[in-house]
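The sequence and the model are shown first.

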Amino acid sequence: MGDSDDEEMNLSLLPKRFGNSTFLIDSIPVAEFQGRPLADHPAVKNGRPPGALTIPRELLDASTVAEAISVISCWYEDKTEWGQRVGWIYGSVTEDVVTGYRMHNRGWKSVYCVTKRDAFRGTAPINLTDRLHQVLRWATGSVEIFFSRNNALLASSRMKLLQRIAYLNVGIYPFTSIFLIVYCFLPALSLFSGQFIVQSLNVTFLTYLLVITVTLCLLAVLEIKWSGIELEEWWRNEQFWLIGGTSAHLAAVLQGLLKVIARIEISFTLTSKSGGDDVDDEFADLYLVKWTSLMIPPITIIMVNLIAIAVGFSRTIYSVIPQWSRLLGGVFFSFWVLAHLYPFAKGLMGRRGRTPTIVFVWSGLIAITISLLWVAINPPSGTNQIGGSFTFP
């Protein structure tokens, strides 16, 4: 179909659009008729009559089989519009989204179909590294869509408002990683500086916080009811949304900006979906830990928040007038961030039986040492520092 469904199809353009196979072109209306809903209800218009598919078909001859082999070959679509304006759209790592966008942009209607039995099943990565690479690939495609002519802001008037919003969200969601990074470091900044996130807990702030919290809770209930999942599964999805947002989404935004500004082509790692070498354990790949630069931001967030909690706790203990309420506020938000990143930290450890305890011991010692050094360098008000120790008046 062309950009306009109202324009008549020029027969001279058929070979350029669909290729030189007349068998393929002649089979299109036949397949369209066979795909119509059964006309067994008054509400069904232009449906196929009952028994239409039971008519005996002619046997395939050698010429038809040879034509079919020619059509399914890779070179058949050369110098045609397959992949450009016809069929599955090429040139994007999120080709399914681009194809759907092109169809809706031309006025086609779609129906969300859920079958009782799974219509399709596939494989998916289960270890942390491959999963992050897959999310990076999707987010990179979304950034590409945002900076291309497939942006929903440039859609035609045929696209409906909700469709436009949905496709706009597809192109914008990786950019939320910038705000997520700020969100994850704010509690640590509060604990390091000794100042709470807001100046004062007045009625306006508490009202705003209450409205936002209730809205998020209602959205969570709506998502759980609509998707039919359990609360635990929803929470796991929220956790990985933060993990992907602080790692793969941020990398996708940087790569997209580099491609637009500096003309540096985007490269991504193909997702590994093969099973592990351990044939006795179908989840052998789950315990593989392969280092990738995508892990740096989440690890940094975890370490900074842990150190900030130790610094805030040490400062409060050594203060003349401990402000425990301010400490608890910062610690609560830091723990909220760490709770979201818990599966990431657990994935870094690999198989539970092979996790060295020394890792946890050294992490705690580092956090305590840095916190003591921080308090020694920046002693709380009301204390005197003498020879590295604190004396109180």
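Helix 10 is followed by Arg263, whose phi is positive, near 60°. Helices here are DSSP runs (H or I, at least four residues), numbered from the N terminus. This is a predicted model, in which local features need pLDDT of at least 70, side-chain atom pairs count only at pLDDT 80 or more, and totals for chains, interfaces and linings use all residues. Residues are numbered from 1 along each chain as its sequence is written, and side-chain values use heavy atoms, with hydrogens and water left out.

**Helix 10**

The 14 residues of helix 10 (residues 248–261) should span 20 Å at 1.5 Å a residue, and the end C-alpha atoms are 20 Å apart, which agrees. The expected span is 1.5 Å times one less than the number of residues. Buried residues (under 20% relative accessible area, 1.4 Å probe, protein chains only) in helix 10 are Ala248, His249, Ala251, Ala252, Val253 and Gly256. An α-helix has 3.6 residues a turn, so residues three or four places apart point the same way. The cover over the buried residues of helix 10 includes helix 5 (128–146), helix 7 (176–193) and helix 9 (231–245).

**Cysteines**

The whole structure holds 0 disulfides, a disulfide being a pair of cysteine sulfur atoms within 2.5 Å. Exposed means over 50% relative accessible area.

| Residue | Relative accessible area | Class |
|---|---|---|
| Cys74 | 69% | exposed |
| Cys184 | 0% | buried |

Methods
Helices (H or I, at least four residues) and strands (E, at least two) are DSSP runs, numbered from the N terminus. Contact means heavy atoms within 4.5 Å.
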